[in-house]
Amino acid sequence: MHPTLIDHGTVLWQMQNAYTTEGIYLFRQVDELRIKRLQRVNSHTYRIISDSGNKDIYPTEILDLRDMESHEFEIYGKYLWDCAIRS
């Protein structure tokens, strides 16, 4: 999520288990813990967006919850604030 979040920085999360508005979320997708920007398209579809400028390595993904079991996607929190030394 560079340049928004810096490696080894400190992040403050608002613990929540549901999507509220577009923003950066901490979530689990199947067996992977992820930190990405989520944007709701409709009630069952999200865009997963990386803030990295390299879209070849980190392209925008489409997540359709209809293709998953209910236990395979879980939101843990929403980004509030971070602090890091930027070089």
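Modeller: First a definition: helices (H or I, at least four residues) and strands (E, at least two) are DSSP runs, numbered from the N terminus. From that end, the elements here run β-β-β-β-β-β. The chain has zero helices and six strands. The model is predicted, so local features need pLDDT of at least 70 and side-chain atom pairs count only at pLDDT 80 or more, while totals for chains, interfaces and linings use all residues. Residues are numbered from 1 along each chain as its sequence is written, and side-chain values use heavy atoms, with hydrogens and water left out.

Colleague: What makes β1 and β5 edge strands?

Modeller: Two strands pair if DSSP finds at least two bridges between them. The six strands form an open sheet in the order β1-β6-β2-β3-β4-β5, with antiparallel pairing. β1 (10-15) and β5 (61-64) each pair on one side only. Inside the sheet, five bridges join β2 to β6. Leu26, for instance, has Gly77 in β6 as its bridge partner.

Colleague: Why does Tyr19 count as buried?

Modeller: Buried means under 20% relative accessible area, exposed over 50%, partly exposed in between (1.4 Å probe, protein chains only). Tyr19 has 13% relative accessibility, so Tyr19 counts as buried. Across the 87 residues of the chain, 34% count as buried. Tyr19 lies in the loop between β1 and β2.

Colleague: What makes a group of residues a nonpolar core?

Modeller: The members are buried Ala, Val, Leu, Ile, Met, Phe, Trp, Tyr and Cys residues, joined through side-chain atoms within 4.5 Å. The largest core here has ten, including Tyr19, Leu38, Ile48, Leu63, Met68 and Ile75. β2 (23-29), β4 (45-49) and β6 (73-83) each give two or more residues to this core. Apart from it lies another core of five residues, among them Met1, Leu5, Trp13 and Ile24.

Colleague: Which residues does Tyr19 touch, leaving out those up to four places away in sequence?

Modeller: Contact means heavy atoms within 4.5 Å. On that basis Tyr19 touches Tyr25, Leu38, Gln39, Arg40, Tyr46 and Ile75.

Colleague: How many aromatic pairs are there, and how do you know that one is stacked?

Modeller: Rings of Phe, Tyr and Trp (its six-membered ring) pair if their centres lie within 6.5 Å; planes under 30 degrees apart count as stacked, over 60 as edge-to-face and the rest as tilted. A search of the whole structure finds five pairs. In Tyr19 and Tyr25 the ring centres are 5.4 Å apart and the planes at 20°, so this pair is stacked.

Colleague: What makes the pair of Phe27 and Phe73 tilted?

Modeller: Their centres are 5.6 Å apart, with 50° between the planes, and that makes the pair tilted. It links distant parts of the chain: Phe27 is in strand β2 and Phe73 in strand β6, 46 residues apart. Both are buried. Tyr19, Tyr25, Phe27, Tyr46 and Phe73 form one aromatic cluster.
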